[in-house]
Amino acid sequence: MASVGGFCVEAMNVLDGPITLIIAGIVAYIAWQQHIINREKLRLELFDRRFAVYNALKELLQTITRSASVSVEDLNQFKIAASDAEFLFDDEIALYLKRVFDNAVDFNCVKKELDNPNLAVGGERTSKSAEVGVMLKHFGAEIDVAKHLFGQYLRFRLPRKWNKKSHLKDPHSLRKVKR
């Protein structure tokens with residue numbers, strides 16, 4: 001019996017090193033996975049905040065082009081939604097949002113002047129009306145500009161290991177339609 005007990009103790013001493021390495025490897029793997037999960041969670045949170053700014057811009061532009069007017073409340077909502085843009089985007093986007101806001105304020109002023117019943121029919125009213133038309137075209141074009149500028153910040157990149165044709169390896173994933 002003593003020899004069996006001595007053998008067990010010796011076997012445990014021999015296995016101590018490999019078991020410790022295996023446990024350390026498992027712990028390192030779990031830590032690495034947690035790092036990846038936290039990084040992706042941060043990307044998702046950043047995406048959500050950036051998308052909220054883009055959505056506020058899109059709503060402002062759609063309000064202007066749809067109703068040919070913008071209220072002070074609409075302007076304030078946009079200003080609040082876009083206030084963190086300088087922390088979420090580079091300077092180009094922050095300056096773009098400021099320019100759109102300033103143009104929307106100018107549009108609001110010109111539209112109020114045009115809607116003034118005391119503005120006589122004729123040269124000045126015609127001039128203001130033409131100015132509103134040009135501004136509306138400009139705001140309509142801004143929707144495409146915004147898509148382009150924000151696209152680089154709102155595009156998700158595929159994981160490195162994802163293969164675009166991996167779904168084709170399974171013959172049942174895509175079935176060909178016979179004609």
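Leaving aside neighbours within four places in sequence, which residues is Thr63 in contact with? Select Thr63 and find Ala68, Ser69 and Asp74. Contact here means heavy atoms within 4.5 Å. Thr63 lies in helix 1. Its relative accessible area is 18%, so Thr63 is buried. Buried means under 20% relative accessible area, exposed over 50%, and partly exposed in between, with a 1.4 Å probe and protein chains only.

Before going on, some ground rules. This is a predicted model, in which local features need pLDDT of at least 70 and side-chain atom pairs count only at pLDDT 80 or more, while totals for chains, interfaces and linings use all residues. Residues are numbered from 1 along each chain as its sequence is written, and side-chain values use heavy atoms, with hydrogens and water left out.

**The whole chain**

Colour by secondary structure. The protein chain has 5 helices and 0 strands. From the N terminus on, the order is α-α-α-α-α. Helices (H or I, at least four residues) and strands (E, at least two) are DSSP runs, numbered from the N terminus. Of the 179 residues, 23% count as buried. Take the contacts between residues at least 6 apart in sequence: 72% of them join residues at least 24 apart.

**The core**

Next, select Leu57, Leu97 and Phe150. Of the 33 residues in the largest nonpolar core, these touch the most other members. Such a core is a set of buried Ala, Val, Leu, Ile, Met, Phe, Trp, Tyr and Cys residues joined through side-chain atoms within 4.5 Å. Two or more of its residues come from each of helix 1 (2–67), helix 2 (72–81), helix 3 (85–88), helix 4 (91–115) and helix 5 (123–154). Now centre on Leu97. Not counting residues up to four places away in sequence, Leu97 touches Val53, Leu57, Phe78, Ala82, Ala85 and Phe150.

**The rings**

Show the aromatic side chains. There are 7 aromatic pairs in the structure. Rings of Phe, Tyr and Trp (its six-membered ring) pair if their centres lie within 6.5 Å; planes under 30 degrees apart count as stacked, over 60 as edge-to-face and the rest as tilted. Zoom to Tyr54 and Phe150. Their ring centres are 5.3 Å apart and the planes stand at 50°, so this pair is tilted. Tyr54 is in helix 1 and Phe150 in helix 5, so the pair ties together parts 96 residues apart in sequence. Both Tyr54 and Phe150 are buried.

Move to Phe89 and Tyr153. This pair is edge-to-face, with 5.0 Å centre to centre and 90° between the planes. Phe89 sits in the loop between helix 3 and helix 4, and Tyr153 in helix 5, 64 residues apart. Phe89 is buried at 7% relative accessible area. Tyr153, at 16% relative accessibility, counts as buried. Then select Phe47, Phe51, Tyr54, Phe89, Phe150 and Tyr153 together: ring pairs link them into a cluster.

**A buried glutamate**

Stay in helix 5 and pick Glu142. Glu142 is buried, with a relative accessible area of 5%. Not counting residues up to four places away in sequence, Glu142 touches Leu61, Tyr96, Arg99 and Val100.

**Last stop: a pocket lining**

Select Phe78, Lys79, Ala82, Ser83, Ala85, Glu86, Ala94, Leu95, Leu97, Lys98 and Phe101. They line the second largest pocket. On a 1 Å grid over the protein atoms alone, a pocket is an open set of points where a 1.4 Å probe fits, with protein on both sides within 12 Å along at least five of seven lines; lining residues have an atom within 4 Å of a point. Helix 4 gives the most to this lining, with 5 residues.
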